[in-house]
Amino acid sequence: MIAISGTIGTGLFLTSGSTIATAGPGGALLAYVIIGIWLVFVCQAIGEIATLLPLPGAFNAWGGRVFDEALSFQMSWMYFINWALTIPAELAASAVIVSFWLPKDSKFPDWAVPLIIILFMVVINLAGVKAYGELEYWFSVLKVVTIVMFIICGILVDAGVIGGVNYGMSAWHIDGAPFKGGFIGFITALVSVGYAYGGTEMTAVTAAESRNPHKHVPMAVNTVMFRIAFFYIISIFLLGSIIPNNDPDLVNSSGSAETAPFTIVFAKAGINAAANYMNAVVFTSIFSAINSDFYVATRVLLSLSRNGWAHKSIGYTNSRGVPLVALAIVTVCSCLSLITIFVGSGVAFKWFVSLIGSVLFQSWILILLLHFRFRYCWKAQGRPVVDLPYVSWGYPYGNMVATFIGVCIIIATWYLSLINPPTNPGAGATPEQLTAYHDARGSYARGLLGAWFPWVCSACLFISYKVINKTKFIKAEKADLDTGRFIPTESDKEDMRPHGPAWKRFVKYLI
């Protein structure tokens with residue numbers, strides 16, 4: 001359920017429209033399929049190692065076991081930076097969403113909503129992991145119900161059963177469709193789709209506090225493919241079929257749910273309260289995402305402290321297992337969202353998002369490479385694959401395909417960041433030309449920063465740690481594959497045995 005709640009959020013509900021407007025219905029669908037395939041095998045890699053070694057910090061700690069301690073140091077800090085930026089991004093989006101319910105001349109400050117949510121997050125996280133998990137479950141239920149409602153409604157609208165118009169595949173044959181903007185439009189869509197999928201890898205982080213990782217982690221990673229196909233790909237197909245890619249509301253530059261693509265489809269179905277309902281769902285989705293972000297960020301900091309890569313006081317936990325100092329640090333980082341006081345919530349959201357996607361891409365590609373290295377170490381120590389509590393399916397060919405996809409996408413983001421720099425219109429430019437130039441310059445700067453910041457920062461972290469601590473490459477025969485290994489009790493083994501009729505087990509597996 002955490003994998004669902006961490007994935008479904010503003011990326012799908014709000015920004016999916018701009019993806020279709022940029023790449024067309026075919027380009028957007030292909031982008032979601034390609035990154036979905038990449039992510040399926042990333043989650044399989046996570047499942048195999050996290051089931052065996054449910055460590056605090058998850059995949060960020062694996063590098064120090066099978067490759068080099070400097071890689072774990074670099075990955076852990078970059079993953080923390082990712083969530084330290086994601087929290088302000090979601091908080092900035094919350095201010096945009098709440099503005100939908102405010103009158104046009106309202107003087108309600110942008111920073112008030114993020115500040116209220118931060119206070120709620122602190123209280124929830126102080127209550128412990130059980131409160132966090134319970135909240136995420138119910139938030140997930142709300143989002144899943146909304147997606148199911150949308151898919152049913154979308155099929156009926158597309159077929160002309162409700163709304164009075166039979167759309168069919170007509171939006172795929174208008175000017176620019178199905179692939180709009182050519183190659184540049186497609187790779188632009190890939191970057192934004194990556195942000196929409198972000199959070200699925202949270203399963204590995206939660207494994208350290210799972211009651212029975214041998215049961216729960218495989219269940220989570222094995223359903224990722226079904227979730228991606230059902231929630232994302234079907235939704236994007238329906239959106240692209242009903243709403244033409246040249247619809248001005250599709251871009252949704254304001255970030256308001258009034259023109260979000262899901263709201264447009266509900267409105268076409270004659271559901272007049274669609275905008276208010278969708279806005280409420282998006283707001284709870286953001287609240288849920290921030291809740292997950294706080295949890296993951298504090299646990300990554302806890303891992304950094306326990307490995308000696310951050311001050312030991314950060315690793316202090318209370319009787320409920322809550323890392324209090326880490327929570328305080330994450331709370332301070334979340335206050336970056338208050339930058340909306342100066343630049344506005346919409347602008348702040350765009351700048352944060354420009355950084356997050358590339359950091360996630362880096363984490364996903366490194367997870368795949370670490371999985372290759374883990375299998376090599378496992379084999380070098382004479383251990384049979386059947387001894388693994390969970391074996392990822394599709395290895396090694398699935399990993400090879402996913403790695404190829406990941407490398408191509410990362411190279412595409414670099415290429416996209418360097419082409420088409422803005423041209424200064426000169427002294428005689430009109431106000432409209434100057435405005436367009438400033439907007440283009442800001443977009444170009446965001447692209448450069450987003451594409452190159454993770455790699456430059458990672459190189460600095462890796463090289464500095466390796467030079468200062470003189471770490472050495474870990475030989476496969478000496479890799480530590482046992483410390484922190486989960487050993488199931490008899491009760492855990494009984495819990496993992498099949499119970500009930502086969503059809504009930506199948507339905508439970510899917511749900």
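D482 counts as partly exposed, with 39% relative accessibility; on this scale, buried means under 20% relative accessible area, exposed means over 50%, and partly exposed lies in between (1.4 Å probe, protein chains only). The model is predicted, so local features need pLDDT of at least 70 and side-chain atom pairs count only at pLDDT 80 or more, while totals for chains, interfaces and linings use all residues. Residues are numbered from 1 along each chain as its sequence is written, and side-chain values use heavy atoms, with hydrogens and water left out.

Side chains of opposite charge can pair when their charged atoms come close. Here a salt bridge is a side-chain nitrogen of Lys or Arg within 4 Å of a carboxyl oxygen of Asp or Glu, and a search of the whole structure finds five. D482 pairs with R485, their closest N and O atoms being 3.2 Å apart. R485 is partly exposed at 28% relative accessibility, and a network of salt bridges links R383, D482 and R485.

Another pair joins E48 to R375, with 2.7 Å between the closest N and O atoms. Because E48 lies in helix 3 and R375 in helix 17, this pair ties together parts that are 327 residues apart in sequence. Helices, for reference, are DSSP runs (H or I, at least four residues) numbered from the N terminus. E48 is buried at 0% relative accessibility, and R375 is buried at 12%. The side chains of D480 and R65 also meet in a salt bridge (4.0 Å, N to O). D480 sits in the loop between helix 19 and helix 20 and R65 in helix 4 (residues 59–66), so the parts tied together are 415 residues apart in sequence.

Next comes the nonpolar core, a set of buried Ala, Val, Leu, Ile, Met, Phe, Trp, Tyr and Cys residues joined through side-chain atoms within 4.5 Å. The largest one has 137 residues, and W38, W62, Y197 and W364 have the most contacts inside it. Helix 3 (residues 16–52) gives the most to this core, with 19 residues. Counting contacts as heavy atoms within 4.5 Å, W38 touches residues including F361, W364, L368 and I409, leaving aside residues up to four places away in sequence.

Two backbone details complete the picture. Most residues other than glycine have a negative phi, and most peptide bonds are trans. The peptide bond from Y395 to P396 is cis, with omega near 0 degrees, and P396 is in the loop between helix 17 (345–380) and helix 18 (397–418). K470 has a positive phi of about 50 degrees although it is not a glycine.

How values were computed: Helix = DSSP H or I, 4+ residues; strand = E, 2+ residues; numbered from the N terminus.
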